[in-house]
Amino acid sequence: MSGTPLLSVRDLSVRFGGIVALKSVSLDVGRGEICGVIGPNGAGKTTFFNCLSRLNLVSPGAIVFEGTSLHDVRPSKIVGLGIGRTFQNLALFGSLTVLENIMLGSHHRLRSTWISNALWSPSARREDDSVRAEAWDLAGIVGLQGEADRKVSDLPFGFQKRVELARALASRPKLLLLDEPGAGLIHDEVEALGDLVKELRERFDLTVLMVEHNMSFIMRLCEHVVVFNFGEKIADGDPAAIQANEAVLDAYLGTSQ
């Protein structure tokens, strides 16, 4: 990795009562990287993601995104800085259509007031048309234009994952956080997802940071891998170095033999 990192984390610690969820975690994510965070259950991966989204309070420690400290940024403002996210447990609106769910990703960029929307003014109509057109394009990119008018609750799980991905893209992120993107998908869907993530990285000039349990998926897709265990970072490097690391094999696979 060269140059100033897009994301820099220093001495990040989180406690829940007497439980130490993260302990002095430090790492950098470079611009344009696809970086994976792996580790056994309870290692602190989701807590780490929630810190980046400001869903968990951070003290002590520092998170700096593109030169801006996230320490005092409200969760509702994170997306406006250029950080988009998907969730391990899908956070979609089942009664809305695919297109409507994707459009919600643009909400923070809307400029129309509640009055202009209530009156359905020309400016409000133009903005709605623009957001709808962008959502339609994103539905095509993730392979869902044919399902655009279907309720999300009627879709297979793999399709729902793609809806959430498209909604995150609608926020126009610089950093895309993917929380267990391969969970619940069959082998062919995981393979297709890996190809899509690479395509999206190039198309939108993204940096991607993902938490994932599927070791083979991470090793094929990521240039940079970070390993957590019991809330601590135990390894940080390229896939080849991680696969040869005895501490990783002991913690993640249960053996270094």
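A word on the ground rules. This is a predicted model, where local features need pLDDT of at least 70 and side-chain atom pairs count only at pLDDT 80 or more, while totals for chains, interfaces and linings use all residues. Residues are numbered from 1 along each chain as its sequence is written, and side-chain values use heavy atoms, with hydrogens and water left out.

**Helix α6**

Helices and strands here are DSSP runs numbered from the N terminus (H or I of at least four residues for helices, E of at least two for strands). Helix α6 covers residues 157-170, and its end C-alpha atoms sit 20 Å apart, which agrees with the 20 Å that its 14 residues should span at 1.5 Å a residue. That expected span is 1.5 Å times one less than the number of residues. Eleven of the 14 residues are buried, so to speak mostly covered, where buried means under 20% relative accessible area, exposed over 50%, and partly exposed in between (1.4 Å probe, protein chains only). Among the buried ones are Gly158, Val163, Leu165 and Leu169. After α6 comes Arg172, with a positive phi near 60°.

**Salt bridges**

The structure holds twelve salt bridges, each a side-chain nitrogen of Lys or Arg within 4 Å of a carboxyl oxygen of Asp or Glu. Here are some of them:

| Pair | N to O distance |
|---|---|
| Arg172 and Glu134 | 3.2 Å |
| Glu164 and Arg167 | 3.4 Å |
| Asp236 and Lys233 | 3.3 Å |

Glu134 counts as buried at 18% relative accessibility. By contrast, Asp236 is partly exposed at 37%, and Lys233 is partly exposed at 32%. There's also a network of salt bridges that links Arg31, Glu66 and Lys174.

An open sheet of six strands runs in the order β6-β7-β8-β3-β9-β10, with mixed pairing; two strands pair if DSSP finds at least two bridges between them. Its edge strands are β6 (83-85) and β10 (232-237), each pairing on one side only. Strands β9 and β10 pair in the antiparallel sense over five bridges, and Val225 has Gly237 in β10 as its bridge partner.

Helix α1 lies across β3, β6, β7, β8 and β9, running at about 140° to β8. Contact means heavy atoms within 4.5 Å, and axes are lines fitted to C-alpha atoms (for helices over the stretch in contact), with angles from 0 to 180 degrees between N-to-C directions.

**The aromatic pair**

Rings of Phe, Tyr and Trp (its six-membered ring) pair if their centres lie within 6.5 Å; planes under 30 degrees apart count as stacked, over 60 as edge-to-face and the rest as tilted. By this rule the count comes to one aromatic pair. The rings of Phe48 and Phe228 have centres 5.4 Å apart and planes at 80°, so they're edge-to-face. Phe48 belongs to α1 (residues 45-52) and Phe228 to β9 (residues 224-229), 180 residues apart. Both Phe48 and Phe228 are buried.
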